[in-house]
Amino acid sequence: MDNVGIIVDDIEAVIAFFMELGMELEGKALIEGAWAASVVGLDDQRVDVAMMRMPDGHGRIELAKYHMPEAISGVPEDAPANTLGIRRIMFAVDDIDDVIARLRTHGAELVGEVVSYQDTYRLCYLRGPEGIVIALAEELT
């Protein structure tokens with residue numbers, strides 16, 4: 001897998017959110033014109049794109065802010081976990097409580113609770129900016 005794409009409205013807030021998780025901003029660009037629109041099946045487009053890279057280099061998230069055509073919402077921002085489509089991205093963390101506290105400064109809220117799974121992991125779902133849902137997994141030793 002090269003990357004996962006997420007369409008956002010406030011690209012700077014979402015960049016800051018993923019940077020708090022340890023991701024690095026690989027680059028930003030304005031993508032526009034018929035050549036780019038033809039790839040995604042639009043008549044024309046003007047899009048700010050930011051590529052976020054995992055610190056180990058194995059995985060990226062592409063954030064896109066559409067100026068033209070304007071982005072449309074297909075799912076409620078507070079959609080529950082059983083909604084069809086991609087619902088979350090999971091991150092392995094060393095200290096789940098610390099990460100939750102840091103992400104809360106970016107507006108993140110727990111979806112449910114932090115739970116233990118078979119004394120092996122502590123897990124939780126968080127809803128961040130733009131309604132983006134991430135999961136955190138802390139391996140217990």
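Okay, let's start at I61: leaving out anything up to four places away in sequence, I61 touches N3, V4, I6, F18, M23, A50, M51, M52, I89 and F91. Contact here means heavy atoms within 4.5 Å.

Quick caveats. This is a predicted model, so local features need pLDDT of at least 70 and side-chain atom pairs count only at pLDDT 80 or more, while totals for chains, interfaces and linings use all residues. Residues are numbered from 1 along each chain as its sequence is written, and side-chain values use heavy atoms, with hydrogens and water left out.

Back to I61, which is among the residues with the most contacts inside the largest nonpolar core, alongside F18, L21, L63, F91, I134 and L136. That core has 26 residues. By nonpolar core I mean buried Ala, Val, Leu, Ile, Met, Phe, Trp, Tyr and Cys residues joined through side-chain atoms within 4.5 Å, with buried being under 20% relative accessible area using a 1.4 Å probe and protein chains only. Helix α1 (11–20) gives the most, 5 residues.

Now the strands. Helices (H or I, at least four residues) and strands (E, at least two) are DSSP runs, numbered from the N terminus, and two strands pair if DSSP finds at least two bridges between them.

Look at β8, residues 121–127. β8 runs antiparallel to β9 (133–139), over 7 bridges, and R122 stands opposite E138 there. On β7 (115–117), also antiparallel to β8, there are 3 bridges, and S116 has R122 as its partner. In that β7–β8 hairpin, Q118 takes a positive phi near 50°. In the β8–β9 hairpin, E130 has a positive phi near 65°.

Methods:
Buried < 20%, exposed > 50% of the residue type's maximum accessible area, 1.4 Å probe, protein only.
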